[in-house]
Every structure is written in structure tokens, then in C-alpha cells.
Amino acid sequence: MHGVEITELIQKFQLKNMTPDIDAEKIVLTHPEVNRPALQLAGFFDHFDNERVQIIGNVEQAYISAMGHEEKLQRYEQLVSSKIPCVLFSRGLMPDEDMITVCNYYGVPCLVSEKATSGLMAEVIRWLNVKLAPMISIHGVLVDVFGEGVLIMGESGIGKSEAALELIKRGHRLVTDDVVEIRKVSDDTLVGSAPDITKHMIELRGVGIIDVKALFGVESVKDSQQIDMVIKLEEWDRDKEYDRLGLEDQYTEFLGNKVVCHSIPIRPGRNLAIITETAAVNYRQKKMGYNAAQELYRRVQANFAQTD
């Protein structure tokens, strides 16, 4: 599993670093969960999740305050020496000098957040789940169309970027062009984003690289988007049978998650932006319980019943 440097955590949540002499770039988080070390401060270390961020809130701080000095030092030593990645105090609580000294000795960053404990835990877990999720990179274009994440795929030069540009001009938002980084956030959710180097850029053959954010404004781009459906562009093949009703959804799979997939044959004169918009709206309509293909099928069956 890839990791997240402690420095990223500090920057993301604007944490105050009480141990600035420790090189936080060398310390990597590999687990998306957090731990409140109340039992550890009481001396119980069986089944201790030492690879997690250790968050100290009001309850833990109150318990620490009630300890004698020698006992407190012993608990600090046991906790910090167990190869934890960092200690994070919530609610603006300030660690005492003993904690800072022990953290500096063992090279464990000691951090402070102004956020409430439960809110901080939820935000850190959500952020780490995304950052540490299994990830693949694929060739394609990801666009937010009416709030639905549409991943456009197809052979190089088939018109993916041109379709994305037309969608942007129609008021939709670009997430990434050319390379899509897909993360499996849960068994139901895939999130796509752009590599930092190509963020907000589109390559148009014959024109070159354009900066979508600079040309069309900040409302035309988005940093990440859940992937709801896939549109595969392919050259028109006279001999191939294409789905004309859509009674049964087709799927493709990324990282073990299934995503609805439409294969769109390309011919001169077909407006890909309008087709993509319509597919996105139709997908949303299906999620709301209405399926046009099934409605047509129902009408046909009703018509047969009347003629009988």
C-alpha cells in the first residue's frame, strides 16, 4: 500500500507542529483509521493499533491531568515508543513539556488541531481513505455532467478531448484529460482525479495544450469526481450489432467495482456532447426509478394484450 507523508496531513488540516525539528516527510501513514489512546494511557497495550494516527481529546487530556508525574512519564514512554506515526491533540489542547520531550526523543511528531475531536476524526478518516485507497491510472477523460461523473474512453485520437471541450463550453466541468487516476474509496464508490502535472489541461490535436481553468474560469474545472458511468467511443462497424433499446445495462469493472458502460459508435455528424449529456440525464432518471426502455417495453406488451 502506498502511503501519505505526515507533512501532507499537517498541510491539509492546518495543524500546529509542536516538534518542528522532527523530519515529518520521512514518516508515512499507511492506515486510514485513527485511534484514541485512552486505554493505552491507562496501561493496556494489548491489540493496540500503533500504525494509526493517535488523537488525544478532552477525555484523554483529563485523564492525563489526574496522573502523577512518574506514572504520566511512563505512559508517555510506552505510547510514543511503540512506533506510532504521530500524536494529534484536538480542540486546541496543548501538550505538556513531558509529551513534547518524549516525542522529540523518539522522533514522533506532536501536532495540535483546533477542531473538535469527533469532527477531526471523521475528516481525517475520510481524507485518508481517499488518499490510501487502491489506485490505478487509465487513459480517458473524466467530466462532471449534471453532477454525474462520466468517464469517456476510447482509442487515441477518436475525439474524447474534443467531446470534453464541447461539454465544458455547455457549462459542465472537466476533472481530467488523458490520464485518469481512479481510486477505490469503498466497495460502491470509485473516485477519479487528475495527476498534478496535467490538472486542468486538455490536449487538442492541431492546437496543442490548453489551460481550461485559465480559458473558461474556475467554474469549468473540478479536482475530483465520483465515477458514475463510462462511455466507450468506438469506430462505427457496419457488421456489429449495437444496443438500440437499453433494456439491460452493460457494465465495465475497475478495481473490482462495476460501473454502467455505454458503447457509442462514432460516425460523422454525431454530436458526442449531446449524446453524453443525454446518457448522463438518462442514468440519473434510472436512479430515480424511471427507465424509458422498460416503459416502451410495457407499452408494447400492453398493445399486444389489447390486440389479443
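Two strands pair if DSSP finds at least two bridges between them. In this predicted model, strand β9 (residues 141-145) and strand β10 (residues 148-154) meet that condition, with 5 bridges joining them in an antiparallel run. Leu142 stands opposite Leu151 in β10.

**The six-stranded sheet**

β9 and β10 belong to an open sheet of 6 strands, ordered β11-β9-β10-β17-β19-β18. The pairing in this sheet is mixed. Its edge strands are β11 (173-176) and β18 (251-254), each of which pairs on one side only. From one strand to the next the twist averages 35°. Strands of a sheet pair through backbone hydrogen bonds, either parallel or antiparallel.

Helix α7 lies across part of this sheet, namely β9, β10, β11 and β17 (229-235). Relative to β9, α7 runs at about 20°.

**Packing of α7 and α9**

Helix α7 (residues 160-169) also meets helix α9 (residues 272-287): their axes come within 8 Å and cross at roughly 70°. Angles of 65 to 115 degrees count as roughly perpendicular, and α7 and α9 are therefore roughly perpendicular to each other. On the α7 side the contact is made by Ala163, Glu166 and Leu167. On the α9 side the residues are Leu272, Ala273, Thr276 and Glu277. By class, this contact of α7 with α9 has 4 nonpolar, 1 polar and 2 charged residues.

**The four-stranded sheet**

A further open sheet has 4 strands in the order β8-β12-β13-β16, with antiparallel pairing. β8 (135-139) and β16 (224-226) stand at the edges with a single partner strand each, so one side of each is left without a neighbour in the sheet. The twist here averages 30° from one strand to the next. Between β13 and β16 the pairing is antiparallel and extends over 3 bridges. Gly192 stands opposite Gln225 in β16.

**The β14-β15 hairpin**

β14 and β15 form a hairpin with 3 residues between them. Strand β14 (residues 201-204) and strand β15 (residues 208-211) run antiparallel and are joined by 4 bridges. The bridge partner of Leu204 in β15 is Gly208. In the turn, Gly206 has a positive phi of about 90°.

| Strand pair | Sense | Bridges |
|---|---|---|
| β9 and β10 | antiparallel | 5 bridges |
| β13 and β16 | antiparallel | 3 bridges |
| β14 and β15 | antiparallel | 4 bridges |

**The second largest pocket**

Rolling a probe the size of a water molecule over the atoms shows where empty space is left. The second largest pocket has a volume of about 470 Å³. It is lined by 16 residues, and those closest to its centre are Val130, Lys131, Arg183, Ser193 and Ser224. Three elements, α6 (117-131), β12 (179-184) and β13 (190-193), each supply at least two residues of the lining. α6 gives the most, with 4 residues. By class, the lining of this pocket divides into 5 nonpolar, 3 polar and 8 charged residues. The strands β12 and β13 that contribute to the lining also stand next to each other in the order of the four-stranded sheet.

Conventions
Residues numbered from 1 in each chain as written. Predicted model: local features only at pLDDT ≥ 70, side-chain atom pairs only at ≥ 80, totals over all residues. Heavy atoms only, no water. Axes fitted to C-alpha atoms, helices over the stretch in contact; angles between N-to-C directions. Parallel < 35°, antiparallel > 145°, perpendicular 65-115°, else oblique. Contact = heavy atoms within 4.5 Å. Nonpolar A, V, L, I, M, F, W, Y, C, P; charged D, E, K, R; others polar. 1 Å grid on protein atoms, 1.4 Å probe; cavity = no way out; pocket = protein on both sides within 12 Å on 5 of 7 lines; lining within 4 Å. Points joined across faces, edges and corners; volume = space filled by probe spheres on them.
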